[in-house]
Amino acid sequence: QYHLQSSHPGKCYSVQYAFDEILISYSRIYSDQPIRLQREIKGECVEMIFILQGKSIFTINREALHAVTGNQHNMYYGYGCDEEIEINTADGPAEILVIHLSKSYYFRLLHQKGNHQQSFFDRVMHHQHGFLSSTNFAIIPAMKLAIDEIRHCRKTSSVKRIFLEAKVLELLVLQTEQIEQEKKLASVHGLHYNELSRLTEAKRIVEKNVSKPPTIGVLSKLIG
């Protein structure tokens with residue numbers, strides 16, 4: 001559970017769905033100034049993080065760790081740590097979807113030899129908090145569609161639970177496929193995986209701002 005810290009007026013719309021080993025949390029935040037969300041993780045968690053709008057900077061145990069900007073996603077493992085997220089809403093409302101999975105649920109689905117997420121599995125096994133990748137992944141149209149279906153779900157009773165879990169699995173499939181495809185492509189072209197991820201993100205930024213593309217210097221700062 002996050003605690004909101006802000007001395008400025010604003011609004012926050014949030015909806016959560018919880019069942020068995022899954023917690024879905026969607027938030028839309030309006031504020032003229034950056035806000036901070038804080039929580040203490042007493043156990044452990046595996047989370048799929050989708051930043052639809054805005055920029056979020058994750059700080060773990062008071063050390064800056066990772067930034068995720070609009071239209072990007074990643075996966076995070078937390079274990080016994082203090083976590084803070086600074087959310088920048090200067091360019092409009094921030095939209096965030098976080099899907100919390102139990103460790104056992106995640107491992108049942110994806111823990112197998114030769115999986116492209118092996119380094120992340122090792123991190124989880126050794127209780128080392130952090131993100132699956134040092135660079136983020138672009139949210140593709142199929143992901144946006146599944147997220148919209150979660151946000152606007154009108155189903156009820158047991159049908160709602162089945163529908164939402166199906167959408168969580170769909171997002172996990174899309175996320176895993178994207179990671180595997182990018183890693184395979186990187187190996188074919190002799191690039192480090194993170195280098196290919198940065199090139200993919202640079203391409204997305206240029207295409208999004210085709211009428212006024214950023215300079216090489218600005219682009220290099222944006223992709224880290």
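## Strand β8 and its partners

Tyr 77 has Gly 130 as its bridge partner in β11. That contact belongs to an antiparallel pairing: 2 bridges join β8 to strand β11, which covers residues 130-131. The model is predicted.

β8 also pairs with strand β12, residues 137-138. The sense is again antiparallel, over 2 bridges.

Strand β5 spans residues 44-53. It runs antiparallel to β8, and 8 bridges join the two. Within this pairing, Phe 50 finds its bridge partner in His 73 of β8.

## Burial of β8

Strand β8 comprises residues 72-79. Of its 8 residues, 7 are buried, so the strand is largely enclosed by the rest of the structure. In general, side chains of a regular strand alternate between the two faces of the sheet.

## Cysteines

How many disulfides does a search of the whole structure find? The count is 0. A disulfide is a covalent bond between the sulfur atoms of two cysteines.

Is Cys 45 buried or exposed? Cys 45 has a relative accessible area of 3%, so it is buried, the cut-off being under 20%. Cys 153 has a relative accessibility of 6% and also counts as buried.

Key
Residues numbered from 1 in each chain as written. Predicted model: local features only at pLDDT ≥ 70, side-chain atom pairs only at ≥ 80, totals over all residues. Heavy atoms only, no water. Buried < 20%, exposed > 50% of the residue type's maximum accessible area, 1.4 Å probe, protein only. Helix = DSSP H or I, 4+ residues; strand = E, 2+ residues; numbered from the N terminus. Pairing = 2+ DSSP bridges. Disulfide = S-S within 2.5 Å.
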